[in-house]
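Please look over the sequence and the structure before reading on.

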Amino acid sequence: MSTLYDPDLTQWLQLSGEYIGRVRPADERVDWIVFLFEQIKPFISQEEYQKLLAEMQAALAAQQQ
């Protein structure tokens, strides 16, 4: 992850993270993150989307350990 950098995308995601974390109510946070996934879905194949979801589940599980 530390090797990923795009000046525009990084700024947008940081601003989104701050907004979701500080401004939106806690009970909306998951819905906003799911909304991001829904915005990605039309641009990749169903197989790629399923792989993305599986990889995200693994990454989240690793963070919990």
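## Packing of α2 and α3

In this predicted model, helix α2 (residues 29-40) packs with helix α3 (residues 46-64) at an angle of about 150 degrees, and their axes lie 11 Å apart. Axes here are lines fitted to C-alpha atoms, for helices over the stretch in contact, and angles run from 0 to 180 degrees between N-to-C directions. That makes α2 roughly antiparallel to α3, a term used for angles over 145 degrees.

The contact (heavy atoms within 4.5 Å) is formed by F37, E38 and I40 of α2 together with Y49, L52, L53 and M56 of α3. These residues divide into six nonpolar, no polar and one charged, where Ala, Val, Leu, Ile, Met, Phe, Trp, Tyr, Cys and Pro count as nonpolar, Asp, Glu, Lys and Arg as charged, and the others, Gly among them, as polar.

E38 lies in helix α2 and is partly exposed, with a relative accessible area of 45%; buried means under 20%, exposed over 50%, and partly exposed in between, with a 1.4 Å probe and protein chains only. The C-alpha atoms of E38 and Y49, which are 11 residues apart along the chain, are separated by 9.7 Å.

## The chain as a whole

The chain contains three helices and zero strands, these being DSSP runs numbered from the N terminus, with helices (H or I) of at least four residues and strands (E) of at least two. Of the 65 residues in the chain, 5% are buried, and the C-alpha trace spans about 35 × 30 × 30 Å along its principal axes.

## Basis of the values

Residues are numbered from 1 along each chain as its sequence is written, and side-chain values use heavy atoms, with hydrogens and water left out. Local features need pLDDT of at least 70, side-chain atom pairs count only at pLDDT 80 or more, and totals for chains, interfaces and linings use all residues.

Terms used. Parallel < 35°, antiparallel > 145°, perpendicular 65-115°, else oblique.
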